[in-house]
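This report concerns the charged pairs, a helix crossing and a surface patch of one protein model. Please examine the sequence and structure below before reading on.

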Amino acid sequence: AQARTQGPRAEREFCRAHFLSPKTLLTAEQVKRQLLDSLADLGIAVEEPSANENAEKPAVVKAVVCAGLYPNLMKAVPIAGSTRYRFTVAGNEEVSIHPSSVNVTPGIVFDSPWFTYFEKVRSHQVFVRDCSTVSPVAVVLFGNTAEVLPKESVVCVNGQFKVTTPPRCGYALCCFRMLLEVALCQRVEDCAPGPSGALATASAPLERIPEPEVDRIIAMATALVISH
């Protein structure tokens, strides 16, 4: 935004310095406006300052992207004796990160073994495009079904993505996930009530949670994603 106020030349220089495509950024801005309009049509306030309070927290933004792109998850496993990684997606399919991505930088160390990605493409091999690391906690909280496998010390998300965690932590996360699902459904339903009722889609008990508690639950989820 600051570069834009300084004119087209400053914009181009900013994009070049940060390896960004002006055309892609323009498309992203247009999609953002469409999403904001859709939320406004549903009665969800998006112009209030509180709606943007987590914009400067990358872990939260990536958790939301993970939820939106699910089940597009990828896991990175270090190759012994090497600085390279083996990447797999659903069905244990082996893939590679597209060569145009900054994530193929030699010697790069990822802050999480989990990635969310936009799409897979096939040429001489299968590549994932537009990928970013995402917190393991976000995978458990915002994936599909989650089940603790205590003998393996993992939480199995959607029957195929195994997130390593001690059993006690896994059970606590799964219980909190159920509570978070109800809280989020309730918040959406209160903003945009519909005939079917958003709470009817939740897997947890359909009891209303007091609004202060909803705020606390969402704040706890935000803190968990940031700290893990």
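Across the whole structure, a search finds 11 salt bridges, a salt bridge being a side-chain nitrogen of Lys or Arg within 4 Å of a carboxyl oxygen of Asp or Glu. The model is predicted: local features need pLDDT of at least 70, side-chain atom pairs count only at pLDDT 80 or more, and totals for chains, interfaces and linings use all residues. Residues are numbered from 1 along each chain as its sequence is written, and side-chain values use heavy atoms, with hydrogens and water left out.

Side chains of opposite charge can pair when their charged atoms come close.

| Salt bridge | Closest N and O atoms |
|---|---|
| R86 with E94 | 3.2 Å |
| R187 with E211 | 3.1 Å |
| R208 with E211 | 3.9 Å |

Helices are DSSP runs of H or I with at least four residues, numbered from the N terminus. Through shared partners, salt bridges join R187, D190, R208, E211 and D215 into one network.

R187 counts as partly exposed because its relative accessibility is 24%. E211, at 32%, is partly exposed, and R208 is partly exposed at 48%. R86 is partly exposed as well, with a relative accessibility of 31%.

Helix 7 also takes part in a helix crossing. Two packed helices are described by the angle between their axes and the distance between the axes. The axes of helix 4 (residues 58-69) and helix 7 (residues 211-227) come within 8 Å and cross at roughly 105 degrees. Axes are lines fitted to C-alpha atoms, for helices over the stretch in contact, with angles from 0 to 180 degrees between N-to-C directions. Helix 4 and helix 7 are therefore roughly perpendicular, a term covering 65 to 115 degrees. At this crossing, A59, V60 and A63 of helix 4 meet T222, V225 and I226 of helix 7, where contact means heavy atoms within 4.5 Å.

On the surface, F14, L20 and L25 form a nonpolar patch with about 240 Å² of accessible area together. Patch residues have over 30% relative accessible area and no salt bridge, and nonpolar side chains are joined within 5 Å. L20 sits in the loop between helix 2 (8-17) and helix 3 (22-41), and is partly exposed at 36% relative accessibility.

How values were computed: Patch = residues over 30% accessible without salt bridge, like charges linked within 9 Å, V, L, I, M, F, W, Y side chains within 5 Å. Areas by Shrake-Rupley, 256 points an atom, 1.4 Å probe, with all protein chains shown as cover. Helix = DSSP H or I, 4+ residues; strand = E, 2+ residues; numbered from the N terminus. Buried < 20%, exposed > 50% of the residue type's maximum accessible area, 1.4 Å probe, protein only. Parallel < 35°, antiparallel > 145°, perpendicular 65-115°, else oblique.
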